[in-house]
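Me: I have a model open and would like to go through its side-chain contacts with you. Could you tell me what each label rests on?

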Amino acid sequence: MNIGFIGLGKLGLPCAVAMAMKGHDVMGYDIDLESSEFILTHCSAISEHPNFLLVGGVDINARSCDSFKEKYSVPSYCDLHEAIRETEPTVAIICCPTSEHYSILCTLVENSCIRAIICEKPLSYDITEAKKMVELCAKNRILLYVNYMRRSDYSVIEIKRRIDSGEIAGPLKASTWYSKGIMNNGSHLINLMTYWFGPYLGHKILNSKRSWQGSDPEPDIYIEFERGSAVFLSAWEESFTHFTVELISPSGRLYYSNGGEKITWNGVAEDPLFSDYKVLSDKTEVFENHFLKYQYNVYEQLSNTINKQ
């Protein structure tokens, strides 16, 4: 399947009917890293995956286009219509500024070659516009995904399986920490907890005094889900990045740390001193983790979906 990028910033570079973006890493995060160990960008993931072919990139910045072309030896364009006409991508990656997402998606859905679109978050700053984007893709039978890549991590999927089966018993509670704003990083945690805890039921804002760089709110929020509740607390990105989840279940505790780089589980055990008490076991299970290849996981899931697997 051919892939194109719209917006060639740090996240992406490849595009099967897509453009490159500024502010997201299309190719920058891992451009100087050993690709077999780190697959953190769209371009690296597409280059490594056997079922996808990077065919082009789009960006209004000529320097970004030149870097993309030099690194991946595929064409780059300043005009989206020209890029689609010449490369006929199957998958498009939207990595441009959020304010441009809607207009770019409208252009993409007009082309019959497009079967799937991956868009960087947030889909839109406007809920009505976001719903129109979903409806447009549904009407044109195009798969639309927001790149919340943690949902494609095999350990995250295994945790959901355990919750669904009752191995991690309900009701569930979680305390979570995020930094760098609710849209930049907090939304990843809300998306992750929705995956594990089920549909959103309601919320209460506990504190909303700060915002990241004056534009991205950093509220403390309590959210009720179908399977339990979670508190989302904001930390200070200017001091250090913080992205963790402590999930409590009647059957034990899950600790999701450093953005998902390490995930551990401690079950319940009898207290060795007090017979009437139970405590967390000293035996710690460490989940097999593919986080350092998180963007590859996304394309593996996309490939499975397109191939009806």
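Me: What makes the contact between the side chains of Asp164 and Lys160 a salt bridge?

Reply: A salt bridge needs a side-chain nitrogen of Lys or Arg within 4 Å of a carboxyl oxygen of Asp or Glu. For Asp164 and Lys160 the N to O distance is 3.5 Å, so the contact meets that definition. Before we go on: this is a predicted model, in which local features need pLDDT of at least 70 and side-chain atom pairs count only at pLDDT 80 or more, while totals for chains, interfaces and linings use all residues. Residues are numbered from 1 along each chain as its sequence is written, and side-chain values use heavy atoms, with hydrogens and water left out.

Me: Why are Asp164 and Lys160 about one helical turn apart?

Reply: Because they are four residues apart in helix α6, residues 154-165. Helices here are DSSP runs (H or I, at least four residues) and strands are E runs of at least two, numbered from the N terminus.

Me: Why do Asp164 and Lys160 count as partly exposed?

Reply: Buried means under 20% relative accessible area, exposed over 50%, and partly exposed in between (1.4 Å probe, protein chains only). Asp164 has 41% and Lys160 has 21%, so both values fall in the middle class.

Me: What else does Lys160 do, and how do you know that it lies over the face of Tyr195?

Reply: The rule asks for NZ of Lys or CZ of Arg within 6 Å of the ring centre and within 35 degrees of the ring normal. Lys160 is 5.2 Å from the ring centre of Tyr195. Arg150 likewise lies over the face of Phe243, at 4.2 Å.

Me: How many salt bridges are there in the structure, and which residues do shared partners join into a network?

Reply: There are nine salt bridges. One of them joins Glu218 and Arg210 at 2.8 Å, N to O; Glu218 is buried at 2%, whereas Arg210 is partly exposed at 31%. Another links Arg253 and Glu246 at 3.3 Å, with Arg253 at 25% and Glu246 at 27%, so each is partly exposed. Salt bridges that share partners connect Glu158, Arg161, Arg162, Glu167 and Glu285 into one network.

Me: On to the rings. How many aromatic pairs are there, and why is the pair of Phe197 and Phe225 called edge-to-face?

Reply: The structure has six aromatic pairs. Rings of Phe, Tyr and Trp (its six-membered ring) pair if their centres lie within 6.5 Å; planes under 30 degrees apart count as stacked, over 60 as edge-to-face and the rest as tilted. Phe197 and Phe225 have centres 5.8 Å apart and planes at 80°, so they form an edge-to-face pair. This pair links distant parts of the chain, 28 residues apart: Phe197 is in helix α7 (residues 182-197) and Phe225 in strand β12 (residues 220-225). Phe197 is buried at 0%, and Phe225 is buried at 1%.

Me: What makes the pair of Phe291 and Tyr294 tilted?

Reply: Their planes are 50° apart, with 5.2 Å centre to centre. Phe291 and Tyr294 are both buried.

Me: Last one: is Leu273 buried or exposed, and where does it lie?

Reply: Leu273 counts as exposed, because its relative accessibility is 70%. Leu273 lies in the loop between β16 (262-270) and β17 (278-286).
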